[in-house]
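The sequence and structure are shown below.

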Amino acid sequence: MPRHRLVLILACVVGLAVAVGLAWNVGVFRSEPAVTVGGPFELVDQNGAQTSEKALKGKWSAVFFGFTYCPDVCPGTLQGLAAATDQLGPKAKDFQIVFISIDPARDTVKQMKAYLSAPYVPKATIGLTGTQAQVDAAAKAYRVYYAKVGDGVDYTMDHSTAIYLMDPKGRFKTVIPYNLPPDEIARRIKDAVREG
């Protein structure tokens, strides 16, 4: 083999080794840990019963965070989920809606029960509230943003609007964005159920 070819091959091998070393140092070959959504929580349901993440086991769950004094996003989300549930047909028996309050100062057990008794809310909907510390822990587990806006009795809450679809083992499956039409919500739930 001619000497210039040998030098060229050696230069390519050295160049490749340097490129691999640089890629290794910046983490190209390391896998990033998966972002986790969900986890343990201790809250109280609208009937006053202590409830944990175990309430998500056995059914597909649409989990979202809001508050009962919400003027538009929360009732709209509940109405959209209710209409999507109707479109699930027989699969609806294996599906539940879980509404977690981010306003525990006003969303007492009694207030949650009254709010969820509205005719457009599916009867199997679970409403959860708790102490501020319990709500903070649940919101952190689901990576939910929320903040109080204003003072006095008429304050409102700014908050994330995503719906988290959890599988029957309580594991995060996908996000359903806010304001999708009910048929699209139902389609996404059916797709997730089909994929397992």
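The model is predicted. Its open sheet consists of seven strands, ordered E2-E1-E5-E4-E3-E8-E9, with mixed pairing. Strand E2 (50-52) and strand E9 (172-176) are the edge strands, each pairing on one side only. From one strand to the next, the twist averages 35°. Within the sheet, strand E4 (residues 95-101) and strand E5 (residues 126-129) run parallel and are joined by three bridges. Ile100 stands opposite Leu128 in E5.

Helix H4 (residues 132-141) packs on the sheet, where it touches strand E1 (42-45), strand E3 (60-66) and E4. The direction of H4 makes about 110° with that of E1. Helix H5 (residues 182-195) lies across E3, E4, strand E8 (163-166) and E9, and runs at about 165° to E9.

Most residues other than glycine have a negative phi. Arg143, although not a glycine, has a positive phi of about 60°; Arg143 lies in the loop between H4 and strand E6 (146-149). Asn179 also has a positive phi, near 75°, and is found in the loop between E9 and H5. The table sets out their values.

| Residue | Phi | Relative accessible area |
|---|---|---|
| Arg143 | about 60° | 53% |
| Asn179 | near 75° | 62% |

Arg143 counts as exposed because its relative accessible area is 53%, with exposed meaning over 50%. Asn179, at 62% relative accessibility, is likewise exposed.

How values were computed:
Residues are numbered from 1 along each chain as its sequence is written. This is a predicted model: local features need pLDDT of at least 70, side-chain atom pairs count only at pLDDT 80 or more; totals for chains, interfaces and linings use all residues. Side-chain values use heavy atoms; hydrogens and water are left out. Two strands pair if DSSP finds at least two bridges between them. Helices (H or I, at least four residues) and strands (E, at least two) are DSSP runs, numbered from the N terminus. Axes are lines fitted to C-alpha atoms, for helices over the stretch in contact, and angles run from 0 to 180 degrees between N-to-C directions. Contact means heavy atoms within 4.5 Å. Buried means under 20% relative accessible area, exposed over 50%, partly exposed in between (1.4 Å probe, protein chains only).
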